[in-house]
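Subject: Structure for your files

Hello,

Please find the structure below. My notes on what was found in it follow.

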Amino acid sequence: ASAEDKVALKPEGKTLEITINDQPFATYNFGDDLPKPFLLPVRSPSGVVINRALGDTSDADHPHHKGMWNAIDEVNEVKFWAEKGLIHNVSVKPLASGTTGSFEVVNEWRHPDTGVPQLTETAIITIHPNRLVVYDMNLKASHVDVTFEDTKEGLFGFRVAPSMKEKNGGHVVACDGTETTKECWGKAYNWIDYYGDVDGKTVGVAIMDHPKNFRPSRYHVRDYGLFSVSPFGEKAYTNGASPAAPHHLKKGESLRLRYAMFFHDGDTKTANVAGAWDLFVKSAGE
């Protein structure tokens, strides 16, 4: 980042508009009528929208895949990923604008029958001017004991634009050079990059796992455009080769997890995804 770079945050009703050097980058949506908050649209440095549009009738599978989001199934048997439980936004608080921008969100993951929060999520979302978005979350068992069961449906996800899909010519490459969704799915890496063509331009998004998360996370990356990372699917992601490893929180306990997404123009090498991962690890702290 240079001294001239500026990330700005502007609240507008139930959205938070994020600009980088006065150009639109992304919108955080947290309306009371939404099943969960999400970041959409999200743009590359050249202004290309990288995510699938809401209500895209030409690409209508999995309507719960909305831009960039954070959710998972099987939290006390509630399928938050599938939007069977409400992730209700309590507050959005801008913290800083300038060479980086950051804001705090508080979300209650509510049981669909009782309305009791199964989790209270407090996350600090930091945006760097190169379009690295760091999501530092604290998941607290604020009201009841919590069990994260074994599932592939989670956690920190993104749905790419239709033309970027691997099945439409897109590319998936991991930090060690492994390629294709088939070879990368269910495995743990520092990062994976998913890039392809949108409106004649090559753009991409990389998802990154922090090395100090409580266990290495695995990637749920598909040729139809789903892309996510989660630490809660040891059995599901290995097709039963590893035993299930549910994670338990007693009431009052919490779990910190850190991930990042890097939105870029160009392919993995020209965008220097490896350098963005270095920035993520350096900036996310101990």
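A salt bridge here is a side-chain nitrogen of Lys or Arg within 4 Å of a carboxyl oxygen of Asp or Glu. The model is a predicted one. By that rule there are 14 salt bridges in it.

Salt bridges

R159 and D59 form one of these salt bridges, with 3.4 Å between the closest N and O atoms. R159 belongs to strand β11 (residues 154-159) and D59 to the loop between β4 and β5, so this pair ties together parts that are 100 residues apart in sequence. R159 and D59 are both buried.

A second salt bridge is that of E83 with K36, whose closest N and O atoms lie 2.7 Å apart. Here too the pair links distant parts of the chain: E83 sits in the loop between β5 (68-72) and β6 (86-96), and K36 in the loop between β3 (23-29) and β4 (38-42), 47 residues apart. K36 is buried, at 2% relative accessibility, whereas E83 is partly exposed, with a relative accessible area of 22%.

E74 and K79 also meet through their side chains in a salt bridge, at 2.4 Å from N to O. Salt bridges with shared partners also join R52, D59, D61, R159 and K165 into one network.

Eight strands make up an open sheet, in the order β6-β7-β8-β9-β18-β14-β13-β12, and the pairing is antiparallel. Its edge strands are β6 and β12 (171-174), each of which pairs on one side only. On average, neighbouring strands of this sheet are turned by 20 degrees against each other, direction ignored.

Strand β18 (residues 254-265) is mostly covered, with nine of its 12 residues buried. In the order of the sheet, β18 stands between β9 and β14. Strand β9 (residues 132-140) runs antiparallel to β18 and is joined to it by nine bridges. Among the facing residues, L139 stands opposite L255 in β18, and L132 stands opposite F262 in β18. V205 has F263 of β18 as its bridge partner.

Helix α3

Which strands does α3 lie across? They are β9, β13, β14 and β18, and the helix runs at about 35 degrees to β14. In helix α3 (residues 273-283), the buried residues are V273, A276, W277 and F280. Viewed down the axis of α3, these buried residues fall within an arc of 105 degrees, so they line one face of the helix. An α-helix has 3.6 residues a turn, so residues three or four places apart point the same way. The buried residues of α3 pack against β9, β13 (191-198), β14 and β18. Just after α3, G285 takes a positive phi of about 80 degrees.

E108 is in strand β7. Is E108 buried or exposed? At 19% relative accessibility E108 counts as buried, because the cut-off is under 20%. The side chains of E108 and R110 are joined by a polar contact of 3.0 Å. Apart from neighbours within four places in sequence, E108 is in contact with L86, I87, H88, V90, P117, L119 and T120. E108 and F156 are 48 residues apart in sequence, and their C-alpha atoms are 16 Å apart in space.

H111 lies in the loop between β7 (101-110) and β8 (117-127). The H111 side chain reaches the backbone nitrogen of D113 at 3.0 Å. With neighbours within four places in sequence left aside, H111 is in contact with V78, V116 and Q118.

Regards

Notes: Residues numbered from 1 in each chain as written. Predicted model: local features only at pLDDT ≥ 70, side-chain atom pairs only at ≥ 80, totals over all residues. Heavy atoms only, no water. Helix = DSSP H or I, 4+ residues; strand = E, 2+ residues; numbered from the N terminus. Buried < 20%, exposed > 50% of the residue type's maximum accessible area, 1.4 Å probe, protein only. Pairing = 2+ DSSP bridges. Polar contact = N/O pair within 3.5 Å; in protein donor to acceptor, adjacent residues only side chain to side chain. Contact = heavy atoms within 4.5 Å. Arc of directions from axis to C-beta. Axes fitted to C-alpha atoms, helices over the stretch in contact; angles between N-to-C directions.
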